[in-house]
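Morning, everyone. I'll take a few minutes on the two ligand sites; please look at the structure while I talk.

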Amino acid sequence: MSVPGEIVLHVGPARAAWWQRRLSELLPGTPVRLWDAVPDPAAVTAAVVWKHPPGGLRRFPALRVIVSIGAGVDHVLADPDLPPGVPLLRITGEDLTQRMTEYVVWQVLALHRRGWELAAARAAREWRQIVTPVAGRRGVGIMGLGRLGGAAARALAGLGFRVHGWARTPRDIPGVTCHAGAGELDAFLAAAEILVCLLPLTPATEGILNLDLFARLPRGAALVNAARGGHLVEEDLIPALDQGLLCRAVLDVARIEPLPTDHPFWADPRIDITPHVASLIDPDTGARLIAENLRRFFAGEKLSDLIDPARGY
Ligand code: NDP
Ligand code: OXD
């Protein structure tokens, strides 16, 4: 299988050669060029990118499609100088969804069972028994009911949690109380003792996790942000913990990644940090999905991973 023209690739230097080789194997006959080594920019018809330099895609006058190496496309749409009208695709798939579901279930169960208190007791050689409510008496709120949020909500409902979900438009998920839009945000938040963010980062969701929102949760709620660092107003998190609005936070993402070593979050024992690993796609699966999406795109077949530029996701 090949696609017409050439592919330009922008990905971190550590893996660029690997991606180039793998995409060339999967799309034999299609030249795959590294970002800084494109002999003929006019021959490029597809760009496969992760955090490309803003304005850089304008170099390719025949560009027909952009593919994000990831489920999120905020890193592409952050470019104020994108070539207009070029379709944007992302990666989704069962592996990505399953990994995120595992991460969310892991973190929600740990928060629900107050795992951090057990760990502290163990460190102090203390046999401290903690009784927690059963899942059916714990409200979990999932912000974003798309591929990832929808699957996580179903899994948590299957474990017996009282799951509430929030999306932009009405959704219907068995076992999940779904809320939609700004008008139903308060009702959703009031039920979320554990709040999980799985929203895309768009102008409408940037900074949505802030002090005002935390004040509308049940007092002492816990936060899991597995979406994007830009959802959280970072300066609001420690005050929310200090004020008892939140009891704990789990962050898989940060505004600046890697999180700088002198960032105050590292020093705060109420904040658990994982290094953007909630659902890292393994590169081989990612490359296969990208190659298949490109094949479908150029064959004019139906695409499920197409981004709506007006919505931003
Ligand atoms: P989808 O596009 O499938 O779903 C997005 C969901 O968010 C939809 O339910 C949508 O509502 C809802 N939504 C969007 N905007 C708003 C809004 N303004 N108000 C309320 N709800 C809104 O995304 P995915 O589930 O595939 O992924 C979510 C995000 O997870 C990605 O964008 C990415 O940033 C992040 N991610 C993080 C990873 C990690 O390892 N930490 C790995 C992969 C992704 P509606 O249903 O009405 O359209
Ligand atoms: C993604 C991610 O968007 O890894 O796929 O965050």
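**Two ligand sites**

Ligand 1 has a shell that takes at least three residues from domain 1 (6-91 + 281-298) and at least three from domain 2 (94-273). Keep in mind that this is a predicted model.

The shell of ligand 1 counts 29 residues, and the closest are Arg90, Leu148, Thr169, Arg171 and Tyr313. By class, 15 of the shell residues are nonpolar, eight are polar and six are charged.

Now the polar contacts. Arginine 90 places a polar side-chain atom 2.8 Å from an oxygen atom of ligand 1. For arginine 228, a polar side-chain atom is 3.3 Å from an oxygen atom of ligand 1. Aspartate 252 has a polar side-chain atom 2.9 Å from a nitrogen atom of ligand 1. On its own, ligand 1 has 950 Å² of accessible area, and the protein covers 94% of that.

Which elements give two or more residues to this shell around ligand 1? They are helix 5 (147-158) and strand 7 (162-167). Helix 5 contributes the most, with three residues.

On to ligand 2. Around ligand 2 sit Gly70, Ala71, Gly72, Arg228 and His276. That makes one nonpolar, three polar and one charged residues by class.

Arginine 228 comes up again here: one of its polar side-chain atoms lies 2.7 Å from an oxygen atom of ligand 2. Glycine 72 uses a backbone N or O atom, 2.8 Å from an oxygen atom of ligand 2. Histidine 276 has a side-chain N or O atom 2.6 Å from an oxygen atom of ligand 2. Ligand 2 alone exposes 210 Å², of which the protein buries 83%.

Methods
Residues are numbered from 1 along each chain as its sequence is written. Chains are lettered from A and ligands numbered from 1 in the order in which they are written. This is a predicted model: local features need pLDDT of at least 70, side-chain atom pairs count only at pLDDT 80 or more; totals for chains, interfaces and linings use all residues. Side-chain values use heavy atoms; hydrogens and water are left out. A residue is near a molecule or strand if one of its heavy atoms lies within 4 Å of it. A polar contact is a pair of N or O atoms within 3.5 Å; within protein, one must be able to donate a hydrogen and the other to accept it, and residues adjacent in sequence count only if both atoms are side-chain atoms. Accessible areas come from the Shrake-Rupley method with a 1.4 Å probe; for residues, only the protein chains shown count as cover. Ala, Val, Leu, Ile, Met, Phe, Trp, Tyr, Cys and Pro count as nonpolar, Asp, Glu, Lys and Arg as charged, and the others, Gly among them, as polar. Helices (H or I, at least four residues) and strands (E, at least two) are DSSP runs, numbered from the N terminus. Domain bounds come from an automatic or database domain assignment.
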